[in-house]
Amino acid sequence: MDINYTADELAFRDQVREFLRAELPADIAAKVRLGKQLSKDDHQRWQRILSKRGWYAANWPVEFGGTSWSVVHKHLFEEECAAFGAPRLISFGVNMVAPVIIKFGSAEQKARYLPRILDGSDWWCQGYSEPGAGSDLASLKTRAVREGEHYVVNGQKTWTTLGQHANMIFCLVRTDPQAQQQRGISFLLIDMDTPGISVRPIITLDGEHEVNEVFFDNVRVPVANLVGEENQGWTCAKYLLTHERTGQAGIGISKAALAHLKQVAAREGLLDDPLLRAQIAEVEMQLMAIEVSTLRILAAAQAGGVPGAESSILKIKGSEIRQAISHLLRKVLGPYALPFLEAELGGVPAGEPLYADYSAGPASQYFNLRKLSIFGGSNEIQKNIVAKMILDL
Amino acid sequence: MDFKLSEEQQMLQDTVARLVRDNYGFEQREHFYRSEAGFSRAFWQQLGELGLTAVPFAEAHGGFGGSGVDNMLLMTELGRGLCLEPYLQSQIHAGGLLQQLGNAEQHERLLPVVVSGELQLALALEEPHSHYHLQHVQTRAERVDGGWELSGRKAVVIGGHSAGLLLVSARIRGDVRDEQGISLFLVDAQAHGLSRQVYPNIDGPKACDLFLDRVFVRSDDLLGEPGQALPALRYQQGRAIAAQCAEAIGSMEEACKLTLDYLKTRKQFGTPIGKFQALQHRMVDMRTELEVATSMAILAACVADQADSEERSRRLAAAKFIVTRAARFIAEQAIQLHGGIGMTWEYNLAHHAKRLVMLSHQLGDDDHHLRAYAELLQSA
């Protein structure tokens, strides 16, 4: 039994560190560390840098422009990116729709969409949730009716993350209303410029425009944009959800956030306060525990196992820990957590910050991160999955 | 990175698991508990005959040369069976101290019979008011002709009633909480001036308080340099913590298994109670705590035998903290999910629950290790 990385893995980590030191733009890293909002351009700049190095689509097979990294390499890469303050990748294109296209798509779809994801021509968003279909996703109602060589789509999607930047959306739509819930669903790729689509912002409690509603009014989508077979969309959705859950413990991100918390606590003269120290110590120990759990799962995956419902356990714990850190960071600011300074949150204040560069972000970020236990299958849904898949209840 | 067991380790685990399964049914344990020793001398003898008492000792001393991982495998199975023998105290903790601090003469004299299991050791470190602080030593050792005289009181010495030899910490100089001046002495169980009050602990094993009234100890029975025992006490406590974490994992696994079985079989309102979501989610929470606790027990096992360092201390404190919290959570939830039956002496789960809660009262509780970790917290 050995809890250490191999020499090869450590060499790989050094290579990643060297790359990040040289290539990660300092202004983007500062925004990430301070919990400020990232612009579309910030994301695209970072994606282009990764793409140039061949590391943007790390999870793809080599033949499509991916890497031959092991699961441990991928874990190390994510951890180092987080430690250096690289933005979390917007996964909808590169890590969500792309794996589905690679697995279920036609040759034409692969040839058309994968290069456009790699070079940043397309920004994808996800059309899953609806006002009446959240955790119970299979109850979705957006209709697609076949008319000749088109589907005509009517309905509404919601919680569409960064849909305002997107030119493409992948949607789950109902193609057979007679069939049992999961059976009558199809997976469609839709150009956001198609007539009949409108996007309306939802402003979240932190004042941010991160999510949207997307309305479909007689939107005509070519049949060629169907992925897999008609009424087999749920298979794609399930496949994608397993992709969405891996790495959700967010070890690297929580480690970076914890380091930042300690720095701010030290600057505020609070790091020697025994009560705060104990709270930081507690969350650090919990993080240590889920890191070892993650390594155990990675080692099992490396040996050919398929990560199953254990990733649900990590998602629950990981999100709780990340939220706990954001709670502590908010607390150490004391009264200076209160001012709601939208200009400073955008990352480019006109002049001096009201108090400190680190004080504007944390309260907003704390509220923003409540999403962690809700999206990607809420923590309660994860518990249902564990109850069914691991405990057989 | 590799979390698989070697063939030898798999064999070790199977051997102990089988031994425990065959000898430690609920009725049998109850019988051992009621006996005068409070454990099974026959089982202890079997551990010796199978070479299992030798696992934690170095090959140079006639041991098996087992690693922290080997100790983990063994302790997990003993924990699963709620075994009452003081294996951790005698073979891992006291044995480790004897190995680390003893000189060649002491090794030669004692290790062969300790390794074989013929001579059981007990470790007397805690005192009234010491509350897990190893440097809190009030018991005094005064220099006399040819040796030392020990006087004081030692608290809740597990296995102190049955051990042939006691390892007792005493202060040769300094004030109650001074880090310097603490020594470890080998005290014969029959020594003049030594008396005991023996009792069962609430979680099963027997223990005693030791009363030392000018107990004479020969110079040859001082372990290590005079007054310099604290670093070794701390180091070996780390090994004991790793072993105890493993013991807790065995017991937690059993408690989770019993509870899950119960949820699937117990019917109320015409359906197995495991169909109710409130209970499912509690069970998932138990499984989640078991998962992270297992990770920390593995981490502890992997660092237990490393050279002393702050990183090792941090990880072991974290392991004890996480496992202690998980153990109590699982114990309380397991009783709750069982309802009334979980409260009864005649049902095994209740005894696991007691062990899981009370483990925190040995080697430092969660607050103790939270404080220790907080003190060692690295700045960013």
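1. Gln382(A) is buried, with 25 other C-beta atoms within 10 Å. By the cut-offs used here, a residue is buried if 20 or more other C-beta atoms lie within 10 Å of its own, exposed if 12 or fewer, and partly exposed in between, with C-beta atoms placed from the backbone. The residue sits in helix 13 (residues 379-389) of chain A; helices (H or I, at least four residues) and strands (E, at least two) are DSSP runs, numbered from the N terminus. Leaving aside neighbours within four places in sequence, Gln382(A) is in contact with Ser312(A), Lys315(A), Ile316(A) and Gly377(A), where contact means that the C-beta atoms, placed from the backbone, lie within 7 Å. Ile313(A) is 69 residues from Gln382(A) in sequence, yet the two are 7.3 Å apart in space, C-alpha to C-alpha.

2. On provenance and numbering: this is a predicted model, in which local features need pLDDT of at least 70 and side-chain atom pairs count only at pLDDT 80 or more, while totals for chains, interfaces and linings use all residues. Residues are numbered from 1 along each chain as its sequence is written, and chains are lettered from A and ligands numbered from 1 in the order in which they are written.

3. Helix 8 (residues 251-267) of chain A has 17 residues, which at 1.5 Å a residue should span 24 Å, and its end C-alpha atoms are 24 Å apart, in agreement. The expected span is 1.5 Å times one less than the number of residues. Of the 17 residues of helix 8 of chain A, 12 are buried, so the helix is largely enclosed by the rest of the structure. Among the buried ones are Ile251(A), Leu258(A), His260(A) and Lys262(A). The cover over these buried residues includes helix 2, helix 4, helix 9 (274-302) and helix 10 (310-332) of chain A. After helix 8 of chain A comes Gly269(A), with a positive phi near 70 degrees.

4. Chain A is assigned domain 1 (7-89), domain 2 (121-233) and domain 3 (246-389); these bounds come from an automatic or database domain assignment. The C-alpha centres of domain 1 and domain 3 of chain A lie 19 Å apart. In the contact between them, 17 residues of domain 1 of chain A meet 18 residues of domain 3 of chain A. On the domain 1 side, helix 2 (26-33) and helix 4 (71-84) of chain A each supply at least two residues. Helix 4 of chain A gives the largest share of that side, eight residues. By class, the domain 1 side has six nonpolar, five polar and six charged residues. Here Ala, Val, Leu, Ile, Met, Phe, Trp, Tyr, Cys and Pro count as nonpolar, Asp, Glu, Lys and Arg as charged, and the others, Gly among them, as polar.

5. The contact between the chains takes 30 residues from chain B and 35 residues from chain A. On the chain B side, the elements giving two or more residues are helix 7 (230-265), helix 8 (277-303), helix 9 (310-338) and helix 11 (366-376) of chain B. Helix 8 of chain B provides the largest share, 13 residues. That side divides into 21 nonpolar, six polar and three charged residues.

6. The largest nonpolar core has 210 residues, and those with the most contacts inside it are Phe185(B), Met296(B), Ala297(B), Ala300(B) and Ala319(B). A nonpolar core is a set of buried Ala, Val, Leu, Ile, Met, Phe, Trp, Tyr and Cys residues joined through C-beta atoms within 7 Å. Helix 7 of chain B gives the most to this core, with 16 residues. Not counting residues up to four places away in sequence, Ala319(B) touches residues including Ile241(B), Cys245(B), Met296(B) and Ala300(B).

7. In strand 1 (residues 121-124) of chain B, Leu121(B) and Leu123(B) point one way and Ala122(B) and Ala124(B) the other, and all are buried. Strand 1 of chain B pairs with strand 4 (residues 165-171) of chain B in the parallel sense over four bridges; two strands pair if DSSP finds at least two bridges between them. The bridge partner of Ala122(B) in strand 4 of chain B is Leu166(B).

8. Two partly exposed sites in chain A complete the note. Pro353(A) lies in the loop between helix 11 (342-345) and helix 12 (361-368) of chain A and is partly exposed, with 16 other C-beta atoms within 10 Å. Lys40(A), in helix 3 (residues 40-53) of chain A, is partly exposed, with 13 other C-beta atoms within 10 Å.

Methods
Two residues are in contact if their C-beta atoms, placed from the backbone, lie within 7 Å.
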